[in-house]
Amino acid sequence: MDFRIAEISAGRAVFLVTPAEFHYNPIGVVHGGVAATLLDSAMGCAVHSTLPAGAGYTTLEIKVNYIKAMSVETGEVRCEANTIYVGGRTATAEGKILDAKGKLYAHATTTCLIFRP
């Protein structure tokens with residue numbers, strides 16, 4: 001998918017991607033699955049960054065809102081994700097995809113199940 005990690009800190013993850021033609025769907029824009037996967041990856045890593053060694057997680061649900069289509073003309077986008085809540089068994093996080101000018105392309109929330117050792 002050609003994602004790159006730009007930042008990881010406790011409760012936060014930032015991924016980068018430059019949309020390319022191999023991300024396109026049949027109608028000539030970046031497939032929504034790319035945005036969903038980017039958001040899921042960044043939000044999951046934001047949650048993971050808060051867990052102790054040996055703990056893991058899995059996505060229970062994800063809700064994506066698509067605002068604007070991406071294309072090769074979009075240029076590099078940032079997916080910024082932050083945790084909202086981290087408890088004993090579940091965690092929630094939010095994420096957004098922005099271009100270099102701060103234009104919003106998609107935003108999402110997730111609920112993750114936590115596996116503790």
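Q: At 16% relative accessibility, does E80 count as buried or exposed?
A: Good place to start, with a predicted model in which local features need pLDDT of at least 70 and side-chain atom pairs count only at pLDDT 80 or more, while totals for chains, interfaces and linings use all residues. Residues are numbered from 1 along each chain as its sequence is written, and side-chain values use heavy atoms, with hydrogens and water left out. Buried means under 20% relative accessible area, exposed over 50%, and partly exposed in between (1.4 Å probe, protein chains only). At 16%, E80 therefore counts as buried.

Q: Which residue forms a salt bridge with E80?
A: A salt bridge here is a side-chain nitrogen of Lys or Arg within 4 Å of a carboxyl oxygen of Asp or Glu. For E80, the closest N and O atoms of the pair are 3.2 Å apart.

Q: How many residues apart are E76 and R4?
A: These two form a salt bridge with closest N and O atoms 2.5 Å apart. E76 is partly exposed at 38% relative accessible area, and R4 is partly exposed at 32%. The pair links distant parts of the chain, E76 lying in the loop between β3 and β4 and R4 in strand β1, with a separation of 72 residues.

Q: What is the N to O distance in the salt bridge of R12 and E7?
A: The structure holds three salt bridges, and one of them joins the side chains of R12 and E7. E7 counts as partly exposed, at 30% relative accessibility. The N to O distance is 2.8 Å.

Q: Which strands stand at the edges of the sheet?
A: Helices (H or I, at least four residues) and strands (E, at least two) are DSSP runs numbered from the N terminus, and two strands pair if DSSP finds at least two bridges between them. Six strands form an open antiparallel sheet in the order β1-β2-β4-β5-β6-β3. Two of them have a single partner strand each, so one side of each is left without a neighbour in the sheet. These are β1 (4-9) and β3 (56-66).

Q: What angle does the direction of helix α1 make with that of β3?
A: Axes are lines fitted to C-alpha atoms, for helices over the stretch in contact, and angles run from 0 to 180 degrees between N-to-C directions. Contact means heavy atoms within 4.5 Å. Helix α1 (residues 32-48) packs on the sheet, touching β1, β2, β3, β4, β5 and β6. Its direction makes with that of β3 an angle of about 135°.
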